[in-house]
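Visitor: I would like to learn how to read a protein model. Please take me through some features, one by one.

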Amino acid sequence: YFLEIEFYSKRANGLIPKGYRVAWEQLDLVDLKSLKLYSDKGKRNLSTENAFFPKFQFVDDSEKFVKINGNDFIVIFSKESGTLESWILQGNDLLLAGPHPNFWRTPTDNDFGNRMPERMAVWKRAGEERKIRRTIVEHSETEVQIFVYFDYPEISSNGLIVYSFFGDGSIDINHSFNTENNTLPNIPKFGLAMVIPREFDNLTWFGRGPHESYFDRKESAKVDIYSGKVAEQYHPYVRPQENGNKTDVRWAAF
């Protein structure tokens with residue numbers, strides 16, 4: 001919840017007409033510090049915890065793949081690549097390339113100024129050169145959990161991605177990274193990269209907008225629900241720069 005306050009001019013004053021908005025402010029009424037941290041320690045009881053979800057039609061856990069069939073979706077998970085091979089919903093494939101660990105972003109002019117491409121080069125291919133140490137599959141009638149443990153040999157580190165598939169077709173992904181390598185430079189980016197078909201060209205998000213916003217200059221952007229074309233979030237700089245970023249995003253949809 002937000003308390004939104006706006007100030008308008010009561011009368012014309014030079015270049016400012018009557019009724020002109022001269023200032024605004026949004027006050028967040030939720031104290032995030034009061035929210036309890038969620039903890040999921042220990043093994044979960046999949047059979048009872050998610051009993052309210054629809055049941056899968058069947059789950060096939062083979063040597064190389066895990067295939068999950070639901071009422072209107074099919075998910076194929078590759079144990080060899082450690083990611084989604086296919087995600088078909090109502091006959092449409094939602095993926096061109098499944099989620100995979102990513103630690104790199106394209107350098108900007110400022111990055112070249114501080115030699116970021118050289119200093120942080122070890123992160124560029126760390127995600128691509130990952131090795132799968134082991135994969136664990138647990139499932140009930142309404143949920144499948146796949147634990148994929150990675151090693152990153154180039155940076156002497158390891159990681160874990162937990163995929164949770166539910167009977168209603170939703171997928172939850174938790175990505176973590178661990179290292180005791182104290183010689184590593186700053187990390188340019190941490191997350192997952194994936195590719196979806198270009199027909200998903202409408203973007204809606206609940207966060208700051210409508211223009212792009214960044215951590216150090218976001219006060220001009222209100223929190224609201226905004227929509228636009230994916231192409232509108234991008235500016236074709238001669239050389240790649242930061243653009244189209246969204247801050248304080250609660251959810252986004254394509």
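Guide: What follows is a walk through strands, core, salt bridges and surface.

Guide: This is a predicted model, in which local features need pLDDT of at least 70 and side-chain atom pairs count only at pLDDT 80 or more, while totals for chains, interfaces and linings use all residues. Residues are numbered from 1 along each chain as its sequence is written, and side-chain values use heavy atoms, with hydrogens and water left out.

Visitor: In what order do the five strands of the open sheet lie?

Guide: First the terms: strands (E, at least two residues) and helices (H or I, at least four) are DSSP runs numbered from the N terminus, and two strands pair if DSSP finds at least two bridges between them. Here the order is 3-4-5-6-7, with antiparallel pairing. Strand 3 (58–61) and strand 7 (92–93) are at the edges with a single partner strand each, so one side of each has no neighbour in the sheet.

Visitor: How many bridges join strand 3 and strand 4?

Guide: Four, in the antiparallel sense, with strand 4 covering residues 65–69. Val-59 has Ile-68 of strand 4 as its bridge partner.

Visitor: Which residue takes a positive phi in the hairpin of strand 11 and strand 12?

Guide: Gly-169 does, near 100°, in a hairpin with four residues between the strands. Strand 11 (residues 157–166) and strand 12 (residues 171–179) are antiparallel and share nine bridges. Ser-157 is paired with Thr-179 of strand 12.

Visitor: How many residues are in the largest nonpolar core?

Guide: In soluble globular proteins, nonpolar side chains tend to be buried together. A nonpolar core is a set of buried Ala, Val, Leu, Ile, Met, Phe, Trp, Tyr and Cys residues joined through side-chain atoms within 4.5 Å. Buried means under 20% relative accessible area, exposed over 50%, and partly exposed in between (1.4 Å probe, protein chains only). The largest core here has 25 residues, and those with the most contacts inside it include Ile-68, Trp-123 and Phe-165. Strand 10 (143–152) is one of the strands that supply at least two residues, and strand 10 gives the largest share, five residues.

Visitor: Which residue forms a salt bridge with Lys-222?

Guide: A salt bridge is a side-chain nitrogen of Lys or Arg within 4 Å of a carboxyl oxygen of Asp or Glu. By this rule the count is 14. Lys-222 pairs with Glu-4, the closest N and O atoms being 2.8 Å apart. Lys-222 is in strand 15 (residues 222–229) and Glu-4 in strand 1, so the pair ties together parts 218 residues apart in sequence. Lys-222 is buried, at 14% relative accessible area, whereas Glu-4 is partly exposed at 39%.

Visitor: Which residues make the nonpolar surface patch?

Guide: Patches use residues with over 30% relative accessible area and no salt bridge, joining like charges within 9 Å and nonpolar side chains (Val, Leu, Ile, Met, Phe, Trp, Tyr) within 5 Å. Areas come from the Shrake-Rupley method with a 1.4 Å probe, and for residues only the protein chains shown count as cover. The patch is about 970 Å², with Tyr-1, Leu-3, Tyr-20 and Val-30 among its residues. Strand 1 gives the most, three residues.
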